[in-house]
Amino acid sequence: MRRVFNFSPGPAALPETVLRQAADEMLDWHGTGVSVMEMSHRGKSFMGIAEEASSLLRELLGVPANYKTLFMQGGAIAENAIVPMNMLRGKASADYIDTGAWSLRSIEEARKYGGVNVAASSADSNYTTIPPRAGWQLDPDAAYVHICSNETIGGVEFDQPPDVGGVPLVADMSSSILSRPVDVSRYGLIYGGAQKNIGPAGLTLVIVRDDLIGQALPCTPSAFDYQVVADHDSMFNTPPTYAIYIAGLVFKWIQAQGGLVAMEAHNRRKAALLYDHLDSTPFYRTPVARDCRSLMNVTFFLHDAALDATFLQGAEERGLVQLKGHRIVGGMRASIYNAMPLAGVQALVDYMKDFEARHG
Ligand SMILES: *Cc1c(COP(=O)(O)O)cnc(C)c1O
């Protein structure tokens, strides 16, 4: 068996100990004689698995009592519709901050359900910055303000949640959730697909403040109405049971690492190692402004794009895979989520030095 360092943006690497435990438990979960995949979602065993996953998540993030944590399906792209359906709450429009590819996707979809005011955009910088808060044209009557906490494709990240006054802040945290501590009380709603930092694709997490639900548009599918999902403890329809089980194992793994404070330190060490190297040589460069560099997705370019294919091939030969940048940005992207060990980033930096020595 050979494991590589997997820099995939998602579905992404999972902690090896989690995969091993899942393998051990595959055929017979805790003496039940069945796999978690084969269990009724309403049976005692799976209910226990789901409750434990939910309480671990709440503990890790310090979710206040007046917030629901929901396990849903459809990913962040479905949430782009589900959020306005649930969160417009009779208001005419919502504010959106445009920081790149994923916020643009959210904006396009939200327009189907209500007014969208793009209150700020970093398009002018080709999405290498976060627009300064002082210039945002926020509407005090907006239903909510939407941000993408970490732009997975461009590699820009909000270091802190912006202050948006009394309007609920809604964040797509697909690619940064659980990478560092978060003050949940600063948000009205947090959502994210699981396949970056949490577990297998198919599970979507939603954390939403109690008082914001229960006013969904009448056309909202019941399975996507936060109130309905909350009233049924995320079991209105069959939840993605196996993905919830793996997410629970990942939550336990994070806890064993020391929780989100330790995760942030681990992630900052990895990101610093890579950015420091990018800053140390003109052979490589990152386009992203210093104060909004993502800890999770590091985008960079070789000084000569003609070397890209050779770089990627050499990386692959060393077991460093999935480094090709997204097609709309080009260049390279190293996704270094929680499960990427420091050794993986060190191996990448060593390879980059070696490649420069041979091609510089
Ligand atoms: C991956 C990603 C998405 C897309 O998620 P799906 O699970 O494909 O719906 C949306 N937003 C962000 C920030 C992402 O990283």
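**Burial, salt bridges and domains**

User: Why does R180 count as buried?
Analyst: Buried means under 20% relative accessible area, exposed over 50%, and partly exposed in between (1.4 Å probe, protein chains only). R180 has a relative accessibility of 10%, so R180 counts as buried. This is a predicted model, where local features need pLDDT of at least 70, side-chain atom pairs count only at pLDDT 80 or more, and totals for chains, interfaces and linings use all residues. Residues are numbered from 1 along each chain as its sequence is written, and side-chain values use heavy atoms, with hydrogens and water left out.

User: And what makes E157 buried?
Analyst: Same test: E157 has 4% relative accessibility, so E157 is buried.

User: How do you know that R180 and E157 form a salt bridge?
Analyst: The rule asks for a side-chain nitrogen of Lys or Arg within 4 Å of a carboxyl oxygen of Asp or Glu. Here the N to O distance is 3.4 Å, so the pair passes. R180 sits in the loop between β8 (169-172) and β9 (189-193), while E157 is in strand β7, 23 residues away. Helices (H or I, at least four residues) and strands (E, at least two) are DSSP runs, numbered from the N terminus.

User: What makes R268 and D159 a link between parts of the chain?
Analyst: R268 is in helix α7 (residues 259-280) and D159 in the loop between β7 and β8, so their pairing ties together parts 109 residues apart in sequence. Their closest N and O atoms are 3.4 Å apart, so that's a salt bridge too. R268, at 36%, is partly exposed, and D159, at 39%, is as well.

User: Why is R358 called exposed?
Analyst: Its relative accessibility is 51%, and the cut-off is over 50%, so R358 counts as exposed. D354, with a relative accessible area of 29%, is partly exposed. R358 and D354 form a salt bridge at 3.3 Å, and both lie in helix α9 (residues 342-359), four residues apart, about one turn of the helix. Elsewhere, salt bridges that share partners join E157, D159, R180, E264 and R268 into one network.

User: Where do the domains run, and how many residues does each give to the contact?
Analyst: Domain 1 covers 16-256 and domain 2 covers 259-359, with bounds from an automatic or database domain assignment. Each gives 25 residues to the contact, where contact means heavy atoms within 4.5 Å.
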